[in-house]
Amino acid sequence: MVWLIILGVVGLVFAPAMWLRPSPRQQRLIRLREAARHAGISVRLENSPLHDGGELLPAYRWPYPAQQPGPDFVLVRDAVASQALRPYRGGWRWRLEPLRPLPDAAQQRLAALLARLPEDALVVESGAAALTLWWEESLDIAALESLATGFAELRDSLANRPDRPEAHRRLRSPRA
């Protein structure tokens with residue numbers, strides 16, 4: 001009887017510690033995000049750019065070089081997009097199109113990358129500062145590394161192609 005009481009007390013002491021332990025899914029996400037950070041990808045949980053918003057989604061960002069801003073655009077997967085949005089390719093729609101046409105090489109890289117994205121990839125966004133993937137992190141580390149290479153190549157082909165070059169030029173070299 002004394003042994004049962006001792007086991008019960010020990011169980012009560014260690015139970016909260018077991019609840020705080022990350023689940024296998026959380027451990028996988030920690031490893032995935034660490035691998036992304038080591039590859040130079042910024043990872044943050046942020047409010048989703050989707051219309052219904054409110055939901056926090058992981059945003060994986062490949063930053064453009066400081067002096068080479070990228071174009072502004074937002075592509076949304078058909079499954080979460082309004083039918084009013086203009087179709088792009090392979091189940092994606094423009095929520096915001098770039099003001100200037102993308103070069104052919106960048107168009108081809110973008111189309112190839114969109115075709116390789118997992119089903120839980122919901123938004124691909126580009127702004128002056130970074131190229132961003134909004135998704136639910138279904139891939140493993142090896143698949144992410146392959147995808148990261150594609151995003152880095154796309155970022156490099158979009159760098160220094162801002163929608164409003166004159167605005168970025170003014171920011172870099174102010175006139176006296």
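Accessible areas here come from the Shrake-Rupley method with a 1.4 Å probe.

**Entry 1: overall picture**

I began by noting that this is a predicted model, and then I looked up the totals. The protein exposes about 10,700 Å², and carbon and sulfur atoms supply 58% of that area. Of the 176 residues, 38% count as buried. For the secondary structure I noted five helices and seven strands, which follow one another along the sequence as α-α-β-β-β-β-β-α-β-β-α-α. I also looked up how far along the chain the contacts reach: among those between residues at least 6 apart in sequence, 62% join residues at least 24 apart.

**Entry 2: the start of the chain**

Which residues form a nonpolar patch on the surface? I wrote down Met1, Leu4, Ile5, Leu7, Val9 and Val13, which together have about 680 Å² of accessible area. Met1 itself sits in the segment before helix 1, the helix that covers residues 2-20. Is Met1 buried or exposed? With a relative accessibility of 75%, Met1 counts as exposed, because the cut-off for that class is over 50%.

**Entry 3: helix 4**

I turned next to helix 4, residues 141-158, which has 18 residues and reaches 25 Å from its first C-alpha to its last, close to the 26 Å expected at 1.5 Å a residue. Its buried residues are Leu144, Leu147, Ala148, Gly150, Phe151, Leu154, Arg155, Ser157 and Leu158.

I then took Ser157 of helix 4 by itself. Its relative accessible area is 18%, and Ser157 is buried because the class takes in values under 20%. Leaving aside neighbours within four places in sequence, Ser157 is in contact with Ala106 and Arg109.

Glu34 and Ile141 are 107 residues apart in sequence, while their C-alpha atoms are 9.5 Å apart in space. Glu34 belongs to helix 2 and, at 37% relative accessibility, counts as partly exposed.

**Entry 4: backbone on either side of helix 4**

Before going through the phi angles I reminded myself that most residues other than glycine have a negative phi. Glu137 is not a glycine, yet its phi is positive, at about 60°. I found Glu137 in the loop between strand 7 and helix 4, where it is buried, with a relative accessible area of 2%. Just after helix 4, Asn160 also takes a positive phi, of about 65°. Asn160 lies in the loop between helix 4 and helix 5 (165-172), and at 42% relative accessibility Asn160 counts as partly exposed.

**Entry 5: aromatic rings**

How many aromatic pairs does the structure hold? I recorded four. In one of them, the rings of Tyr60 and Trp135 have their centres 5.3 Å apart and their planes at 75°, so the pair is edge-to-face. Tyr60 lies in strand 2 and Trp135 in strand 7, so this pair ties together parts that are 75 residues apart in sequence. Tyr60 counts as buried, at 0% relative accessibility, and Trp135 is buried as well, with a relative accessible area of 0%.

Why is the pair of Trp62 and Phe151 stacked? The ring centres of Trp62 and Phe151 are 4.3 Å apart and the planes stand at 10°, and planes under 30 degrees apart count as stacked. This pair links distant parts of the chain, with Trp62 in strand 2 and Phe151 in helix 4, 89 residues apart. Both partners were looked up for burial: Trp62 counts as buried at 3% relative accessibility, and Phe151 counts as buried at 0%.

To finish the entry, I noted that Phe73, Tyr88 and Trp94 form one aromatic cluster.

Conventions
Residues are numbered from 1 along each chain as its sequence is written. This is a predicted model: local features need pLDDT of at least 70, side-chain atom pairs count only at pLDDT 80 or more; totals for chains, interfaces and linings use all residues. Side-chain values use heavy atoms; hydrogens and water are left out. Patches are made of residues with over 30% relative accessible area and no salt bridge: like charges are joined within 9 Å, nonpolar side chains (Val, Leu, Ile, Met, Phe, Trp, Tyr) within 5 Å. A salt bridge is a side-chain nitrogen of Lys or Arg within 4 Å of a carboxyl oxygen of Asp or Glu. Helices (H or I, at least four residues) and strands (E, at least two) are DSSP runs, numbered from the N terminus. Buried means under 20% relative accessible area, exposed over 50%, partly exposed in between (1.4 Å probe, protein chains only). Contact means heavy atoms within 4.5 Å. The expected span of a helix is 1.5 Å times one less than its number of residues. Rings of Phe, Tyr and Trp (its six-membered ring) pair if their centres lie within 6.5 Å; planes under 30 degrees apart count as stacked, over 60 as edge-to-face and the rest as tilted.
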